[in-house]
Amino acid sequence: MKVTSSAFSGLASSIATLLVLVFASDYHYLPTKQFVSLVTTHRFQVYGDWRWLLPPLSGSTVSVYPLEFENRLLKPNYFYVPDPWEIEPKVGKCPFHHQA
């Protein structure tokens, strides 16, 4: 039986696509699986915005989907600070000394 090159390249392309899908899906969902095992086995209280913990597409396929998280702001935390050059300077005060 003679295999034509176009049939062989089509088969090779299909096998390569299948391998990428299988290995990429396991690798992509590994952090999510580790996170869920941390939450369920160790019973940590986890806070977070549920919308940020799910991927934008096919969110219901990950194991985080049925879990509920309280969206709470914890302190100390890193907050955004406006750039110093965009803040209006206070008139009559030295910009380098807070006590002046």
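Visitor: What share of the contacts with a separation of 6 or more comes from residues 24 or more positions apart?

Guide: Residues 24 or more positions apart account for 38% of the contacts in the chain with a separation of 6 or more, where a contact means heavy atoms within 4.5 Å. This is a predicted model, in which local features need pLDDT of at least 70 and side-chain atom pairs count only at pLDDT 80 or more, while totals for chains, interfaces and linings use all residues. Residues are numbered from 1 along each chain as its sequence is written, and side-chain values use heavy atoms, with hydrogens and water left out.

Visitor: What makes the Phe 35 and Phe 69 rings a pair, and why is the pair called tilted?

Guide: The structure holds one aromatic pair. The ring centres of Phe 35 and Phe 69 are 5.9 Å apart and their planes stand at 45 degrees, so the pair is tilted; the rule asks for centres of Phe, Tyr or Trp rings (for Trp, the six-membered ring) within 6.5 Å, with planes under 30 degrees apart counting as stacked, over 60 as edge-to-face and the rest as tilted. Because Phe 35 lies in helix α1 and Phe 69 in the segment after α2, the pair ties together parts that are 34 residues apart in sequence.

Visitor: What makes up the largest nonpolar core?

Guide: Phe 69 belongs to it, together with Val 36, Val 39, Val 46, Leu 54, Val 62 and Val 64, giving seven residues. Such a core is a set of buried Ala, Val, Leu, Ile, Met, Phe, Trp, Tyr and Cys residues joined through side-chain atoms within 4.5 Å. Leaving aside neighbours within four places in sequence, Val 46 is in contact with Phe 35, Val 39, Phe 69 and Glu 70. Gln 45, in the loop between α1 and α2, counts as exposed at 57% relative accessibility, and its C-alpha atom is separated by 8.7 Å from that of Phe 69, 24 residues apart along the chain.

Visitor: How do you know that Arg 51 and Asp 49 form a salt bridge?

Guide: Their side chains meet at 3.0 Å, N to O, and the definition requires a side-chain nitrogen of Lys or Arg within 4 Å of a carboxyl oxygen of Asp or Glu, so the pair qualifies.

Visitor: How many salt bridges are found in the whole structure?

Guide: A search of the whole structure finds two, and one of them joins Arg 72 to Glu 70, with the closest N and O atoms 3.2 Å apart. Arg 72 is partly exposed at 41% relative accessible area, and Glu 70 is likewise partly exposed at 39%. The C-alpha atoms of Asp 49 and Arg 72 are 8.1 Å apart in space, with the two residues 23 apart in sequence.

Visitor: What makes the nonpolar surface patch?

Guide: Leu 11, Ile 15 and Leu 19 make a patch of about 280 Å²; patches take residues with over 30% relative accessible area and no salt bridge, joining nonpolar side chains (Val, Leu, Ile, Met, Phe, Trp, Tyr) within 5 Å and like charges within 9 Å. Leu 19, placed in helix α1, has a relative accessible area of 44% and is therefore partly exposed.

Visitor: Which peptide bond is cis?

Guide: The bond from Lys 75 to Pro 76 is cis, with omega near 10 degrees, and Pro 76 lies in the segment after α2. Most peptide bonds are trans.

Terms used
Accessible areas come from the Shrake-Rupley method with a 1.4 Å probe; for residues, only the protein chains shown count as cover. Helices (H or I, at least four residues) and strands (E, at least two) are DSSP runs, numbered from the N terminus. Buried means under 20% relative accessible area, exposed over 50%, partly exposed in between (1.4 Å probe, protein chains only).
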